[in-house]
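Here are a few exercises to work through with the model open beside you. Try each task before you read its solution.

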Amino acid sequence: SLVWQLTLHTHFHSHTGGGAQLEACRLVLVMDQEMKRVGASLEYPSSTPSGQRAMCPPWICGSSHAFDLIPKAQAAVEGKLAVRRLRAMLIQQVCHELTPLFVDSLEHRSASFLCSLDASFEAVVHMSLPGTFPDLPPQLVVQSVVQLIDRQPLLENLPDMRWSAAWAVKDMAQYMVTLISAHLPVFRKNVMLQVQAQGPPAAAR
């Protein structure tokens, strides 16, 4: 068999730490001697997480050519990188509005933020970005900090968002911050009702 390889270079600048990174993968074509059977794949360094790897466009025997596949493979790699870059930009924008406690600076899929309704109530908001982002919105979960039920914090999912993948990143971030701010009073009320229903802690024996 014949093996033909081409290295595809891409640049990724992390907006949440890590700086600019040069990333590379190889487009590999494995052909038989008569070039009737061709296998195409994208090979990444073993350290590359699976979520950062693009799928190689298929090689269609009889209608594909190596020089046709190169731009398609490059577009697939760049498209995967563009989504990752978009996740990083969104998290960065939310970090400008809320106090970050944790940021996934490698894959940019999750972050946690401290939110204060007033001096008497704080909550942590956990944001996770699905694999289908930006077609589907991030998932937001709010967690109590001081108030506990059976020694566990209370968790509550924020209501479903109206969402458009066509929004600018700044508008996505501002919409989520507005939604969080509007939900915090509701969450505090729910937390206080559950704490009151629990009653005072039993005296230690």
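**Exercise 1. Work out how many helices and strands the chain has, and in what order they come.**

Solution. Start with the count: there are 2 helices and 8 strands, where helices (H or I, at least four residues) and strands (E, at least two) are DSSP runs numbered from the N terminus. Next, walk along the sequence, and the pattern reads β-β-β-α-β-β-β-β-β-α.

A word on the ground rules: this is a predicted model, in which local features need pLDDT of at least 70 and side-chain atom pairs count only at pLDDT 80 or more, while totals for chains, interfaces and linings use all residues. Residues are numbered from 1 along each chain as its sequence is written, and side-chain values use heavy atoms, with hydrogens and water left out.

**Exercise 2. Locate Glu-107 and list what Glu-107 touches.**

Solution. First, look in the loop between strand E4 (99-103) and strand E5 (110-118), which holds Glu-107. With a relative accessible area of 17%, Glu-107 is buried. Then collect its contacts (heavy atoms within 4.5 Å). Leaving out residues up to four places away in sequence, Glu-107 touches Pro-49, Gly-51, Gln-52, Arg-84 and Arg-87.

**Exercise 3. Determine how many disulfides there are.**

Solution. Apply the rule that a disulfide is a pair of cysteine sulfur atoms within 2.5 Å. The count comes to 0. For Cys-25, the nearest cysteine sulfur belongs to Cys-56 and is 8.9 Å away, and Cys-25 is in no disulfide. As for burial, Cys-25 has 3% relative accessibility and therefore counts as buried.

**Exercise 4. Sort the lining of the second largest pocket into nonpolar, polar and charged residues.**

Solution. List the lining: Pro-137, Pro-138, Gln-139, Leu-140, Asn-157, Leu-158, Pro-159, Asp-160 and Met-161. Ala, Val, Leu, Ile, Met, Phe, Trp, Tyr, Cys and Pro count as nonpolar, Asp, Glu, Lys and Arg as charged, and the others, Gly among them, as polar. The lining therefore divides into 6 nonpolar, 2 polar and 1 charged. On a 1 Å grid over the protein atoms alone, a pocket is an open set of points where a 1.4 Å probe fits, with protein on both sides within 12 Å along at least five of seven lines, and lining residues have an atom within 4 Å of a point.

Definitions and conventions: Buried < 20%, exposed > 50% of the residue type's maximum accessible area, 1.4 Å probe, protein only.
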